[in-house]
There are 2 protein chains.
Amino acid sequence: MSTIVMKFGGTSVATVEKIRKIAQTVKSESVNYKIVVILSAMAGVTNELQSLINKVDFKAPKEADLILTSGEQVTIGLLSMLLKKEGIKSIPLLGWQIPIITDEQHEKGRILNINNENLNKYFQLYDVIVLAGFQGISTHGHITSLGRGGSDTTAVAIASSIRAERCDIYTDVDGVYTTDPNIENKAKKINKLTYEEMLEMSSTGAKVLQTRSVELAMKNNLTLQVLSSFTNQKGTYIVNENELIENEIVSGVSYSKNESKITISGIPDKPGISALIFGLMASNNINVDMIVQNISQDGINANITFTVPNNELDEAKKIIKAKYDELNYSNLSTDTDIAKISVVGMGMMSQSGVAEKMFTTLAKNKINIQAISTSEIKISVLIKKIYTDLAIQSLHDVYNLDKK
Amino acid sequence: MSTIVMKFGGTSVATVEKIRKIAQTVKSESVNYKIVVILSAMAGVTNELQSLINKVDFKAPKEADLILTSGEQVTIGLLSMLLKKEGIKSIPLLGWQIPIITDEQHEKGRILNINNENLNKYFQLYDVIVLAGFQGISTHGHITSLGRGGSDTTAVAIASSIRAERCDIYTDVDGVYTTDPNIENKAKKINKLTYEEMLEMSSTGAKVLQTRSVELAMKNNLTLQVLSSFTNQKGTYIVNENELIENEIVSGVSYSKNESKITISGIPDKPGISALIFGLMASNNINVDMIVQNISQDGINANITFTVPNNELDEAKKIIKAKYDELNYSNLSTDTDIAKISVVGMGMMSQSGVAEKMFTTLAKNKINIQAISTSEIKISVLIKKIYTDLAIQSLHDVYNLDKK
């Protein structure tokens with residue numbers, strides 16, 4: 001019998017009634033498949049736990065992980081109970097019981113190994129394994145968390161490890177949209193998307209799937225489906241490029257307000273400066289996104305602009321200031337009043353004019369572009385935050401995304 | 001350096017502020033001792049989790065244990081964080097990380113083994129081990145709970161295992177009282193009590209300590225102290241009889257409203273009937289307390305009366321009814337409108353007249369006695385529930401417990 005992995009997020013397990021609904025969904029799939037169900041904590045629980053941690057106000061990542069991973073323990077117990085009530089052979093398991101081994105990086109652990117043999121042993125006794133998402137155990141024997149959205153990573157890692165036919169990510173939306181429907185009401189659900197497009201859309205702000213989980217699925221050529229836990233409709237499939245009949249030029253418009261801009265001006269323009277700055281960021285686990293480097297007008301000094309997540313801005317600044325002697329810059333400025341708008345699509349690779357259309361449209365709307373970065377299938381620009389909705393609506397319109 | 005165990009219950013860890021207070025208490029003891037701290041879940045959390053389980057309404061003890069043991073994970077994380085903030089080398093550990101091995105009896109697991117070597121290894125690296133109470137891991141690798149009040153058992157078992165100098169049970173009262181101060185405002189705090197007295201008082205309703213934990217302390221000759229987490233005063237010491245200079249005739253009056261009475265009448269009076277009934281109860285894990293057997297008036301048939309915990313009454317009835325063919329009784333009746341009142345004291349062993357004084361006092365107050373049971377250091381009677389307060393107050397008075 002083939003296996004599938006089904007993952008349900010926090011809003012899908014928010015109440016016992018909702019978990020009862022999940023039990024029905026799992027039951028109907030269990031006719032055809034052996035199943036690993038991955039659950040998050042009840043919506044709101046992780047935030048409540050985080051607020052307890054904030055009250056302590058002391059950085060202790062090992063303890064934070066221990067606290068934050070307690071929420072899934074409740075939901076997996078409840079679902080397994082409800083499945084048993086439906087007559088299904090089910091067992092609830094925690095990360096360390098598989099085990100899902102991670103590195104020692106607390107609060108954003110990376111999975112090193114999953115014990116498949118153990119999973120297979122459980123499948124000899126049970127038809128459904130209900131597994132806590134978001135958590136693993138470090139090689140030193142301490143509970144780790146995989147960071148926000150880590151349950152997606154658990155789901156994809158398990159599905160890849162057991163070569164599941166499919167990994168279904170159930171959520172509170174019924175798929176991936178051409179853009180945020182809260183901003184553009186003409187946004188359409190996308191039926192199929194490539195990993196690459198989904199990656200660009202996640203990393204540029206479409207909060208449906210955690211970036212790491214899409215990377216992992218791509219690496220393992222695992223079919224993902226994003227679908228709603230509340231309707232019984234098909235969702236958005238995320239697949240290999242070969243499985244798409246025709247690539248859309250532009251598949252979607254995404255945005256992010258979670259980044260801040262750092263500009264370091266007047267740095268002596270000599271080799272190794274960029275390596276120094278971004279090496280520092282990397283070794284401190286700060287995720288740098290867009291990078292723009294200019295030679296300044298005097299031709300001697302350079303300016304470097306880049307973006308980091310808002311919550312890492314203070315640390316990034318501190319790190320740069322600490323290296324003042326080596327960097328020898330004249331000015332360090334930051335800007336949190338920015339949004340990143342991106343258009344994404346596989347078809348861009350073979351089509352010209354996509355960028356031009358984007359810049360023209362923004363210009364027509366008097367939206368100033370502060371920085372640009374491109375990949376083969378994406379163009380991102382930084383703009384002032386207040387223009388976010390206007391930019392999204394006008395770009396959604398100009399690429400005819402409502403006509404799909 | 002000697003070790004002590006400090007256990008804090010749910011009301012003592014109800015908020016981050018209260019846990020902060022515990023961190024101070026632990027810090028001051030850590031000057032003189034290596035410490036294992038045992039914590040319960042935040043007050044109310046276990047009840048909330050239980051109500052989620054109740055909503056599912058399906059008996060799945062393995063799952064129930066998994067859910068119920070998630071609460072301690074939060075409190076140990078928070079306390080360990082706060083200790084680290086105070087500069088103390090601390091580590092939070094779950095039951096399975098020691099491991100505390102239990103049998104397979106979910107919802108009331110019994111500890112089979114504690115890995116001391118591991119605890120000692122942790123003590124080479126840390127000064128304080130913050131351990132989740134109430135939980136263990138079965139030999140099959142599933143999380144078990146030790147039942148309500150199980151954190152006391154964890155504390156005493158760990159203290160015995162590492163031969164701690166003392167096990168301090170911090171709670172919301174400042175010691176063991178001669179009776180419930182909410183019923184008799186002249187109740188006095190007892191300074192020292194023997195294990196045997198404490199055992200009789202716990203099992204007859206003084207809810208300060210779980211019976212099993214006192215048994216375990218007695219077996220290991222471990223000094224217990226019951227004290228308040230909110231004041232800085234000494235509490236009640238529970239010690240070996242030899243450590244008491246003089247035994248009180250009566251140490252306290254306790255009560256329980258948590259039992260129901262079952263009467264089976266008209267059973268053929270032949271050998272083996274009691275063994276059959278109580279064998280059935282035992283094999284179904286129903287705790288029978290008082291037992292009274294009478295020959296009925298016809299001299300042929302017997303009546304058996306006994307008490308069971310309220311929440312086991314329905315099951316007990318079901319079991320008896322299922323054996324109707326063998327028991328051949330004429331009537332089965334139950335009564336939930338009862339209270340058990342007990343007077344307890346080591347001095348009873350060598351003093352006569354204690355029982356007589358009890359019966360006379362109750363008679364004077366027109367309180368009818370429905371059943372009597374005695375041990376060397378305790379006399380218990382069943383009465384109608386409405387007389388509970390009156391019985392306690394008059395007995396507390398007649399034994400001069402307010403004069404201690």
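This is a predicted model: local features need pLDDT of at least 70, side-chain atom pairs count only at pLDDT 80 or more; totals for chains, interfaces and linings use all residues.
From chain B, at least three residues come from domain 1 (3–172) and at least three from domain 2 (242–404). In soluble globular proteins, nonpolar side chains tend to be buried together.

Who does A:L79 touch? Leaving out residues up to four places away in sequence, its partners are A:I19, A:I22, A:A23, A:V37, A:L39 and A:V130.

## Where the two chains meet

Each chain puts residues into the contact: 23 from chain A and 23 from chain B. On chain B's side, the elements that give two or more residues are α2 (45–56), α3 (61–68) and α4 (70–85). Which of them gives the most? That's α4(B), with 10 residues. Sort chain B's contact residues by type and you get 13 nonpolar, six polar and four charged.

Now try turning one chain onto the other.

## A buried strand

Next, follow strand β3 (residues 90–93) of chain B. B:S90 and B:P92 point one way, B:I91 and B:L93 point the other way, and all of them are buried. In a regular strand the side chains alternate between the two faces of the sheet.

The neighbour of β3(B) here is strand β6 (residues 128–132) of chain B; the two run parallel and are joined by four bridges. Across from B:P92 you'll find B:V130 in β6(B).

In chain A it runs from A:I98 to A:P99, with omega near -10°, and A:P99 lies in the loop between β3 (90–93) and β4 (100–102). In chain B the bond from B:I98 to B:P99 is cis too, with omega near -10°, and B:P99 is in the loop between β3 and β4 (100–102).

Two asparagines in chain B have a positive phi without being glycines. B:N221, at about 55°, is in the loop between α8 (211–219) and β11 (224–228). Is B:N221 buried or exposed? It counts as exposed, because it has 11 C-beta neighbours inside 10 Å. B:N328, at about 60°, is in the loop between α11 (324–327) and β17 (331–335). With 13 other C-beta atoms within 10 Å, B:N328 is partly exposed.

How values were computed:
Residues are numbered from 1 along each chain as its sequence is written. Chains are lettered from A and ligands numbered from 1 in the order in which they are written. Two residues are in contact if their C-beta atoms, placed from the backbone, lie within 7 Å. Ala, Val, Leu, Ile, Met, Phe, Trp, Tyr, Cys and Pro count as nonpolar, Asp, Glu, Lys and Arg as charged, and the others, Gly among them, as polar. Domain bounds come from an automatic or database domain assignment. A residue is buried if 20 or more other C-beta atoms lie within 10 Å of its own, exposed if 12 or fewer, and partly exposed in between; C-beta atoms are placed from the backbone. Two strands pair if DSSP finds at least two bridges between them.
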